[in-house]
Amino acid sequence: MTSIETVLREHKIICKRAYDVVEQKGMDYARYQHKNGDTLANISNSKNWGIVDTVCQGLLVRLGDKFSRLISLTKNPKEQAKVKNEKVSDTIEDMINYLIYLKIKYEEERK
């Protein structure tokens with residue numbers, strides 16, 4: 001069993017780590033655009049390149065890739081990933097950030 005206290009504690013820790021990743025690496029993907037106020041410019045690339053119709057679709061593709069990785073990495077938890085420095089927790093934190101970007105971009109696209 002998992003108590004609400006455990007859930008809330010883990011939620012706070014995981015979300016803080018996800019937040020820290022954005023804070024530390026946020027501008028690395030689109031430095032010029034970040035300096036001009038568009039921190040999520042790189043998220044729009046797949047739409048701008050004509051690969052998908054909307055930014056949200058591009059984010060859903062990225063999330064699909066993360067889900068595939070999680071499925072693969074959690075199928076046998078005792079098996080080590082080939083990429084040693086990227087853990088399951090890193091993928092989960094990436095997904096949290098992509099979901100936040102999805103919400104932001106979805107609201108922008110609706111306006």
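Hi everyone! Let's start with helix α1 (residues 4–25) and α5, which pack at an angle of about 70 degrees with their axes 9 Å apart. Helices here are DSSP runs of H or I, at least four residues, numbered from the N terminus, and axes are lines fitted to C-alpha atoms over the stretch in contact, with angles from 0 to 180 degrees between N-to-C directions. So α1 and α5 are roughly perpendicular, a word used for 65 to 115 degrees.

Please keep in mind that this is a predicted model: local features need pLDDT of at least 70 and side-chain atom pairs 80 or more, while totals for chains, interfaces and linings use all residues. Residues are numbered from 1 along each chain, and side-chain values use heavy atoms, leaving out hydrogens and water.

Which residues of α1 and α5 meet? Among them are Ile-14 and Arg-17 in α1, and Glu-93 and Tyr-101 in α5; contact means heavy atoms within 4.5 Å.

Tyr-101 also belongs to an aromatic pair with Tyr-98. Their ring centres are 6.1 Å apart and their planes at 75 degrees, so the pair is edge-to-face (centres within 6.5 Å; planes over 60 degrees apart). Both tyrosines are buried, meaning under 20% relative accessible area with a 1.4 Å probe, protein chains only; exposed is over 50%, and partly exposed lies in between.

Terms used: Phe/Tyr/Trp six-rings, centres within 6.5 Å; stacked < 30°, edge-to-face > 60°. Helix = DSSP H or I, 4+ residues; strand = E, 2+ residues; numbered from the N terminus. Parallel < 35°, antiparallel > 145°, perpendicular 65-115°, else oblique.
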